[in-house]
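Me: Hi, I have a protein model open and I'd like to go through it slowly. Could you help me find my way around?

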Amino acid sequence: MKLYTKTGDQGQTSLVGGRVDKNHVRVEAYGTIDEANSVIGWAMTLLQDEKFRDIYQELQRIQHELFDCGGDLAIVSEKMPYKVKEDMVTFLEERIDAYIQQAPPLERFILPGGSPQAAALHMARTVTRRAERCVVALMKQEQMNKVVLQYINRLSDYLFAVARVVNARLQVKDVEYERSAIVFRDKEEKKGE
């Protein structure tokens, strides 16, 4: 098998059921998801300590699911079934809820960083947010699996929660944005206002 095919030399690429220009919104969306996947892979190289085993294993699962997201976005044929399902979104929500309990309470915005491991996860989060914007642009123009958007949205929240937990496990304090108002409050607290 050759790594290069020369089929893209005219600026187009193949999808499942068609061909488009390489700068097409669909290609931009799944390409940015691939970028997020790569940054997650880099973050994983920093999370090989036993204290992060659970996070490492989840990130590896997420890498496979991001390939599913990209694959679903590459489908323009109505005959192909989608791989990204709502249970994948539910898994991320469950993990976010669990990780929120493992980090110190949050009231204000925090600066991305702390430990190198958390900084890498914040980088993955910001690339994931960019991927989300690309998926929204695609959704406004073409048919696609809308669960991919839900998944990418939850993934950025998951990466935020995990970055905070990594700092907590390393006993590195998150740095609050110094001009931030209190923006995160308990739901019960908000009801009392």
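Me: How many helices and strands does the protein have?

Reply: This is a predicted model, and the protein in it has 6 helices and 2 strands. Read from the N terminus on, the order of the elements is β-β-α-α-α-α-α-α.

Me: OK, and what share of the residues count as buried?

Reply: Of the 193 residues of the protein, 40% count as buried. As for contacts, if you take those between residues at least 6 apart in sequence, 77% of them join residues at least 24 apart.

Me: Changing topic, what volume does the largest pocket have?

Reply: The largest pocket has a volume of about 520 Å³. There are 21 residues lining this pocket, and those closest to its centre are I100, L106, F160, R164 and F184.

Me: Which helices supply at least two residues of that lining?

Reply: Those are helix 3 (86-100), helix 4 (116-141) and helix 5 (147-169), each of which supplies at least two lining residues. The largest share, 5 residues, comes from helix 5.

Me: And what is the lining like by class?

Reply: The lining of the largest pocket has 14 nonpolar residues, together with 5 charged and 2 polar ones.

Me: Now the rings: how many aromatic pairs does the structure hold?

Reply: The structure holds 2 aromatic pairs. One of them is formed by Y99 and Y158, which are edge-to-face, with 6.1 Å from centre to centre and 65° between the planes. This pair links distant parts of the chain, since Y99 is in helix 3 and Y158 is in helix 5, 59 residues apart.

Me: Are Y99 and Y158 buried or exposed?

Reply: Both Y99 and Y158 are buried.

Me: Then why is the pair of F109 and F184 edge-to-face too?

Reply: The ring centres of F109 and F184 are 5.7 Å apart and their planes meet at 80°, and because an angle over 60 degrees counts as edge-to-face, the pair is given that description. F109 lies in the loop between helix 3 and helix 4, while F184 lies in the loop between helix 5 and helix 6 (187-191), so the pair ties together parts that are 75 residues apart in sequence.

Me: How does F109 count in terms of accessibility?

Reply: F109 counts as partly exposed, because its relative accessibility is 44%. F184 also counts as partly exposed, at 32% relative accessibility.

Me: One last thing, where does the charged end of R95 sit?

Reply: The charged end of R95 sits over the ring of Y99, at 4.7 Å from the ring's centre.

Key
Residues numbered from 1 in each chain as written. Predicted model: local features only at pLDDT ≥ 70, side-chain atom pairs only at ≥ 80, totals over all residues. Heavy atoms only, no water. 1 Å grid on protein atoms, 1.4 Å probe; cavity = no way out; pocket = protein on both sides within 12 Å on 5 of 7 lines; lining within 4 Å. Points joined across faces, edges and corners; volume = space filled by probe spheres on them. Helix = DSSP H or I, 4+ residues; strand = E, 2+ residues; numbered from the N terminus. Nonpolar A, V, L, I, M, F, W, Y, C, P; charged D, E, K, R; others polar. Phe/Tyr/Trp six-rings, centres within 6.5 Å; stacked < 30°, edge-to-face > 60°. Buried < 20%, exposed > 50% of the residue type's maximum accessible area, 1.4 Å probe, protein only. Lys NZ or Arg CZ within 6 Å of the ring centre and 35° of its normal. Contact = heavy atoms within 4.5 Å.
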